[in-house]
Amino acid sequence: MTVTAERQHVTDEWNTDVVDVTAYLERIGEPRLSPSVEALHRLHRAHVRTIPFENVDVVLRSHPGLEMADIQAKLVHRRRGGYCYEHALLFAAVLERLGFTVTRYMARVEPTHPGPYTHMMLVVSVDGAEYLADVGFGAGILEPMPLREDTEVDQAGWPHRLRREGSSWTLERWTGGRWEPLHAFDPIPSRPVDYEVAHHYTATHPNSPFVGKPVVMRLDQGRLRKLVGTEFVVETPEGESGRETVPPERLGETLRELDVELTPEELSALRTELGM
């Protein structure tokens with residue numbers, strides 16, 4: 001196999017040709033852009049602001065899987081959200097179709113605690129530099145991060161930085177007067193089967209934080225809104241600014257406020273899962 005053929009094979013295994021780039025760009029409200037640092041920032045910001053982080057299908061045990069056609073049907077055409085694999089696989093495919101160079105990686109969340117590599121993020125090469133693109137880290141980043149050590153970036157009001165130890169990179173956030181590690185990754189490119197295995201664990205294992213209760217997050221400038229179980233919480237860079245328990249009759253309304261629109265059947269099943 002020639003180098004060109006090998007590269008084509010690696011690209012094809014991600015099914016990037018399935019993505020309707022025009023429909024995606026309409027979904028996030030951006031025009032078709034040529035590869036540049038500015039374009040990467042615009043696309044990253046628009047994706048995070050438009051498509052919610054949510055795991056409702058996991059809770060309902062009805063997740064369609066990680067085939068690109070299923071991801072697109074859900075996140076683009078149904079105007080739902082998803083969790084990291086769905087977000088990152090879709091974003092990577094769109095970027096590649098637009099001409100960006102993308103490498104897909106796995107990260108260990110909360111790296112100070114033992115646990116598996118279950119988070120998907122991307123490194124994008126553009127204009128001679130590399131950037132961490134992380135559109136699927138729910139309470140995470142609004143802008144791509146330059147892959148440079150100790151370069152602080154304001155992320156919707158929360159300072160973030162990347163720290164390097166050997167070949168490993170750790171994403172950190174300044175909170176509570178200290179740098180908090182969020183996730184860590186080694187520059188080992190992943191393949192589709194790696195995400196299938198991680199998705200199976202994340203969507204089915206009883207120790208997974210996404211199995212037993214809905215987790216929905218929306219990041220805006222200076223505000224993070226999230227629904228965890230039946231608790232609706234609002235956080236700012238200064239700390240928590242509001243918390244309330246959502247009653248059954250307001251669950252659908254709360255989800256719509258977080259840009260998650262369920263069918264009546266899905267909403268009823270979710271209430272049942274929550275014991276409402």
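This short talk walks through aromatic pairs, one serine, one tyrosine and a helix contact in a predicted model.

Some ground rules. Residues are numbered from 1 along each chain as its sequence is written, and side-chain values use heavy atoms, without hydrogens and water. Because the model is predicted, local features need pLDDT of at least 70 and side-chain atom pairs count only at pLDDT 80 or more, while totals for chains, interfaces and linings use all residues.

Aromatic rings to begin. Rings of Phe, Tyr and Trp (its six-membered ring) pair if their centres lie within 6.5 Å; planes under 30 degrees apart are stacked, over 60 edge-to-face, and the rest tilted. The count comes to seven aromatic pairs. Take Tyr83 and Phe210. Their pair is edge-to-face, with 5.7 Å between centres and 80 degrees between planes. Tyr83 sits in the loop between helix 5 (68-77) and helix 6 (84-98), and Phe210 in the loop between helix 7 and strand 10 (215-220), so the pair ties together parts 127 residues apart in sequence. Helices (H or I, at least four residues) and strands (E, at least two) are DSSP runs, numbered from the N terminus.

Now Tyr85 and Tyr195. This pair is tilted: 6.3 Å centre to centre, 45 degrees between the planes. Tyr85 is in helix 6 and Tyr195 in helix 7, 110 residues apart. Tyr85 is buried at 0% relative accessible area. Buried means under 20%, exposed over 50%, partly exposed in between (1.4 Å probe, protein chains only). Trp14, Phe53, Tyr83, Tyr85, Tyr195 and Phe210 form one aromatic cluster.

Which residue has a polar contact with Tyr195? Ser190: the side chains are joined at 3.4 Å. A polar contact is a pair of N or O atoms within 3.5 Å; within protein, one must be able to donate a hydrogen and the other to accept it, and residues adjacent in sequence count only if both atoms are side-chain atoms. Ser190 lies in the loop between strand 9 (178-185) and helix 7 (192-204). Ser190 is buried, at 8% relative accessible area.

Further along, Tyr201 is in helix 7. Tyr201 is partly exposed, at 29%.

Last, two helices. Tyr24, Leu25, Arg27 and Ile28 in helix 2 meet Leu43, Ala46, His47 and Thr50 in helix 3. Contact means heavy atoms within 4.5 Å. The residues of this contact divide into five nonpolar, two polar and one charged. Here Ala, Val, Leu, Ile, Met, Phe, Trp, Tyr, Cys and Pro count as nonpolar, Asp, Glu, Lys and Arg as charged, and the others, Gly among them, as polar.
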